[in-house]
Amino acid sequence: MKFPEHETVSAYTGFLLRKVSTASFEAFAEIVGEYGLHPMHFGMLMIIDADEPVSQQELSARTGIDPSTMVARMDVLSEHGLVERARSAEDRRIYEIRLSPAGRELLAQLRSKAREHGERFYAPLDADERAQLHVLLAKLAAGLDGVQPR
């Protein structure tokens, strides 16, 4: 996506956030696309790794992915051999999801690619500026629930 380079729109912080976010997302989508995945799958793999075993319902809630589309998204991870699904011993109605060995290996590769992408993308900022940007974005993200359009 090509954004206009004009001072009248660049004077708006929201416009700049969108421009930077879109550029970062599109570049990372290209990286994970080489593996037949979407950036959302990277997020899913990271959360599964951190919280496993996790049910599909829990994963849906933690990722913000609508439950009606979670099955299709999980199918992609299964088809790539990245996750294992097994019935819960405690509740047979629930499938527990874990990373497969191939999933762990790919996640390590993707984390490395994400770090490399970050190094290139945030190169105009020094380490202190990067840390400050992260803190400020986290603060904005934490307050999103209170932001409602008029």
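Guide: Let us begin with a definition: contact means heavy atoms within 4.5 Å. Helices (H or I, at least four residues) and strands (E, at least two) are DSSP runs, numbered from the N terminus. This is a predicted model, in which local features need pLDDT of at least 70 and side-chain atom pairs count only at pLDDT 80 or more, while totals for chains, interfaces and linings use all residues. Residues are numbered from 1 along each chain as its sequence is written, and side-chain values use heavy atoms, with hydrogens and water left out.

Visitor: How many helices and strands does the protein chain have?

Guide: The protein chain has 7 helices and 3 strands. Read from the N terminus, its elements run α-α-α-β-α-α-β-β-α-α. The C-alpha trace spans about 60 × 40 × 30 Å along its principal axes. Among contacts between residues at least 6 apart in sequence, 49% join residues at least 24 apart.

Visitor: How is the packing of two helices described?

Guide: Two packed helices are described by the angle between their axes and the distance between the axes. Axes are lines fitted to C-alpha atoms, for helices over the stretch in contact, and angles run from 0 to 180 degrees between N-to-C directions. Angles under 35 degrees count as roughly parallel, over 145 as roughly antiparallel, 65 to 115 as roughly perpendicular and the rest as oblique. Here, helix α3 (residues 39-51) packs with α5 at an angle of about 85°, the axes being 11 Å apart. The two helices, α3 and α5, are therefore roughly perpendicular to each other.

Visitor: Which residues in α3 and α5 meet?

Guide: From α3 come Met40, His41, Met44, Leu45 and Ile48, which meet Met70, Arg73, Met74, Val76 and Leu77 in α5. The residues of this contact divide into 8 nonpolar, 1 polar and 1 charged. For these classes, Ala, Val, Leu, Ile, Met, Phe, Trp, Tyr, Cys and Pro count as nonpolar, Asp, Glu, Lys and Arg as charged, and the others, Gly among them, as polar.

Visitor: At what angle do the axes of α4 and α5 cross?

Guide: The axes of helix α4 (residues 56-63) and helix α5 (residues 67-79) cross at roughly 110° and come within 10 Å. That angle makes α4 roughly perpendicular to α5. On the α4 side the contact is made by Gln56, Leu59, Ser60 and Thr63, and on the α5 side by Pro67, Met70, Val71 and Met74. These residues divide into 5 nonpolar, 3 polar and no charged.

Visitor: What is the order of the strands in the sheet?

Guide: Two strands pair if DSSP finds at least two bridges between them. The 3 strands form an open sheet in the order β1-β3-β2, with antiparallel pairing. Because β1 (54-55) and β2 (83-87) stand at the edges, each with a single partner strand, one side of each is left without a neighbour in the sheet. Between β1 and strand β3 (residues 95-99) there are 2 bridges, and serine 55 has glutamate 96 of β3 as its bridge partner. Between β2 and β3 there are 5 bridges, with arginine 85 partnered by isoleucine 97 in β3.

Visitor: Where is proline 53 found?

Guide: Proline 53 is in the loop between α3 and β1. The peptide bond from glutamate 52 to proline 53 is cis, with omega near -5°.

Visitor: How is a pair of aromatic rings described?

Guide: A pair of aromatic rings is described by the distance of the centres and the angle of the planes. Rings of Phe, Tyr and Trp (its six-membered ring) pair if their centres lie within 6.5 Å; planes under 30 degrees apart count as stacked, over 60 as edge-to-face and the rest as tilted. The structure holds 2 aromatic pairs. In one of them, the rings of phenylalanine 121 and tyrosine 122 have centres 5.2 Å apart and planes at 85°, so the pair is edge-to-face.

Visitor: Is phenylalanine 121 buried, partly exposed or exposed, and what is its relative accessible area?

Guide: Buried means under 20% relative accessible area, exposed over 50%, and partly exposed in between (1.4 Å probe, protein chains only). Phenylalanine 121 is partly exposed at 25%, and tyrosine 122 is partly exposed at 30%. Glutamine 57, in helix α4, is exposed at 54%. Of the 150 residues of the protein chain, 25% count as buried.

Visitor: Which residues does arginine 111 touch?

Guide: Arginine 111, in helix α6 (residues 101-121), touches Phe42, Met46 and Asp49, not counting residues up to four places away in sequence. The C-alpha atoms of arginine 111 and methionine 46 are separated by 8.9 Å, although the two residues are 65 residues apart along the chain.
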